[in-house]
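The stops below go from the whole chain to single residues.

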Amino acid sequence: MEFKPERRFETLAEAFEFILNRYALQPAERVWLQTGSGLLVPEQVPKYLFRGECGEFQSTKAGIHRPESFSLRDGSLLLTSDLEKLRKLIPSLVKRFMLDYDYRLERSESIGLLQHYGLPTRMVDLT
């Protein structure tokens, strides 16, 4: 089955305008979320979510700006020292994936690759 997008945009500005008018400026929806105890509670959620969001954040931010949400696969949070190392590691990886003898990616592709594998980046994914 071939993927066919519903809509194409000539420019990024046109895509942002579409998202803004169709989703972002619309009132939040009220949904019922189930808590761990099984209790249903009402919650206001935006009409749009960026990839990686679950409606749990106050505002849309790139992952790198939400260190409180970084965790290991077992759910344990990273230490402050781990976060500092991560902030230094990510730019190094971006540069590495751009090198001719490595992946030869464009900068945005390199950042997208890191984000795809769960590393927090400065990119907000609109897919």
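Helices (H or I, at least four residues) and strands (E, at least two) are DSSP runs, numbered from the N terminus. This is a predicted model, in which local features need pLDDT of at least 70 and side-chain atom pairs count only at pLDDT 80 or more, while totals for chains, interfaces and linings use all residues. Residues are numbered from 1 along each chain as its sequence is written, and side-chain values use heavy atoms, with hydrogens and water left out.

**Whole chain.** Colour by secondary structure: the protein chain has 3 helices and 2 strands, in the sequence pattern α-β-β-α-α. Switch to a surface next. Of the 127 residues, 18% count as buried, where buried means under 20% relative accessible area, exposed over 50%, and partly exposed in between. Contact means heavy atoms within 4.5 Å. Among contacts between residues at least 6 apart in sequence, 28% join residues at least 24 apart.

**Ser110.** Select Ser110 in helix 3. Ser110 is buried, at a relative accessible area of 0%. Show its partners: not counting residues up to four places away in sequence, Ser110 touches Leu93, Val94, Phe97, Met98 and Leu105.

**Leu119.** Move on to the segment after helix 3, where Leu119 is found. Leu119 is partly exposed, with a relative accessible area of 25%. Leaving aside neighbours within four places in sequence, its contacts are Leu86, Leu93 and Leu114. Draw a C-alpha to C-alpha distance from Leu119 to Leu86: the two are 8.7 Å apart in space and 33 residues apart in sequence.

**Arg104.** Go back to the loop between helix 2 (80–98) and helix 3, and pick Arg104. Its phi is near 60°, a positive value in a residue other than glycine. Arg104 counts as exposed, at 60% relative accessibility.

Finish at Arg122, in the segment after helix 3 (107–116). Arg122 is exposed, with a relative accessible area of 65%.

Notes:
Buried < 20%, exposed > 50% of the residue type's maximum accessible area, 1.4 Å probe, protein only.
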